[in-house]
Amino acid sequence: MAAPITIHSFSSESDDDIQSDNNLIIKSFGDNLKFVSPVDKWFKELTKKTMWKEVEAESLTRFLPIEKAKRMETELERELCELRLRVEDLGKKEKYVGKEVYTHVIFAEKALSLAKQAEISNSSNLIWKVQDELPDIMHQKVKETYSTWTEFCTAIKEVEMARIQDGVKKHQKEKEEKEKTEAAIASLHSMCLHLQGQHHLSAALTPSVLNASQTQQSSTL
């Protein structure tokens, strides 16, 4: 294992006495290369390893950094429009950048980040579309008339927790009442089907009973 490198503070003042240990830096660089990789092979064959700056420059010349593929603006806009803030998640906290944060705040941060990446954060472009998908609880406080995404997302984050909690309770109560109503309707429908089945069975049996009765009467006579 490579020896750890001590990082000293650097104030950028002219009298700052910082002496880089070239050998240690170069050794650490070599130790952290993937074994038997092209760059590892190149490093082992490198004859001049006295100055880190020279090693660094040579490595960057030989192995150009691969630029990470950037998402197109249309992809970012689509992802932005597909963001959803569910009523069931409102009032809850989740881990976000190492902290416990309310879900509506996380939603606003993600939306603003995507808007910035898509280069539309300083406009009102697509705000109406995202606002349309917000829960009714948020609609009362967050309109679609904001001129920038910064204003829109700030409004989302500033919705009072008391309003959110009351709205969630109301939604939950309405959901439970709806489920009870649907269960009652389903039960009634099942009962109707059962009665209908009995009626059909009775109708099917009646001719048979009459025929049997008539046959019995004829034989008696």
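Helix α8 contains both Trp149 and Phe152, which are three residues apart, or about one turn of the helix; helices here are DSSP runs of H or I with at least four residues, strands are runs of E with at least two, and both are numbered from the N terminus. The structure is a predicted model, in which local features need pLDDT of at least 70 and side-chain atom pairs count only at pLDDT 80 or more, while totals for chains, interfaces and linings use all residues. Residues are numbered from 1 along each chain as its sequence is written, and side-chain values use heavy atoms, with hydrogens and water left out.

Rings of Phe, Tyr and Trp (its six-membered ring) pair if their centres lie within 6.5 Å; planes under 30 degrees apart count as stacked, over 60 as edge-to-face and the rest as tilted. By this rule there are two aromatic pairs. The ring centres of Tyr146 and Phe152 are 6.2 Å apart and their planes stand at 55 degrees, so this pair is tilted. Trp149 and Phe152 make an edge-to-face pair, with 5.4 Å from centre to centre and 90 degrees between the planes. Through these ring pairs, Tyr146, Trp149 and Phe152 are linked into a cluster.

Accessibility is classed as buried (under 20% relative accessible area), exposed (over 50%) or partly exposed (in between), with a 1.4 Å probe and protein chains only. Tyr146 is partly exposed because its relative accessibility is 21%. Trp149, at 0%, is buried, and Phe152 is likewise buried at 0%.

## Nonpolar cores

A nonpolar core is a set of buried Ala, Val, Leu, Ile, Met, Phe, Trp, Tyr and Cys residues joined through side-chain atoms within 4.5 Å. The largest one has 30 residues, and those with the most contacts inside it are Leu80, Leu134, Met138, Trp149, Phe152 and Ile156. Two or more residues come from each of α4 (73–81), α5 (103–117), α6 (127–132), α7 (136–139), α8 (149–157) and α9 (161–220). Helix α5 gives the most, with six residues. Apart from this core lies another, of seven residues, including Ile26, Phe43, Trp52 and Val55.

Contact means heavy atoms within 4.5 Å. Beyond its neighbours within four places in sequence, Trp149 is in contact with several residues, among them Leu80, Ala111, Leu112, Ala115, Ile127 and Val130.

Strands β1 (residues 93–96) and β2 (residues 99–102) run antiparallel and are joined by four bridges; two strands pair if DSSP finds at least two bridges between them. Lys93 stands opposite Tyr102 in β2. Lys93 also lies over the face of Tyr102, at 4.9 Å from the ring centre; for this, NZ of Lys or CZ of Arg must be within 6 Å of the ring centre and within 35 degrees of the ring normal.

The hairpin has two residues between its strands, and Val97 takes a positive phi near 45 degrees there. Val97 is exposed, at 69% relative accessibility. In the loop between α5 and α6, Glu119 has a positive phi of about 60 degrees although it is not a glycine. Glu119 is exposed as well, at 65%.

## Confidence of the model

The predictor's confidence in each residue is given as pLDDT, from 0 to 100. The protein chain averages 79, and 77% of the residues score at least 70. Among the elements, α8 has the highest mean pLDDT (96) and α9 the lowest (72). Over residues 1–19, pLDDT stays under 50, and the model has 13 contacts beyond four places in sequence for this segment. Where pLDDT is low, the predicted coordinates should not be read in detail.
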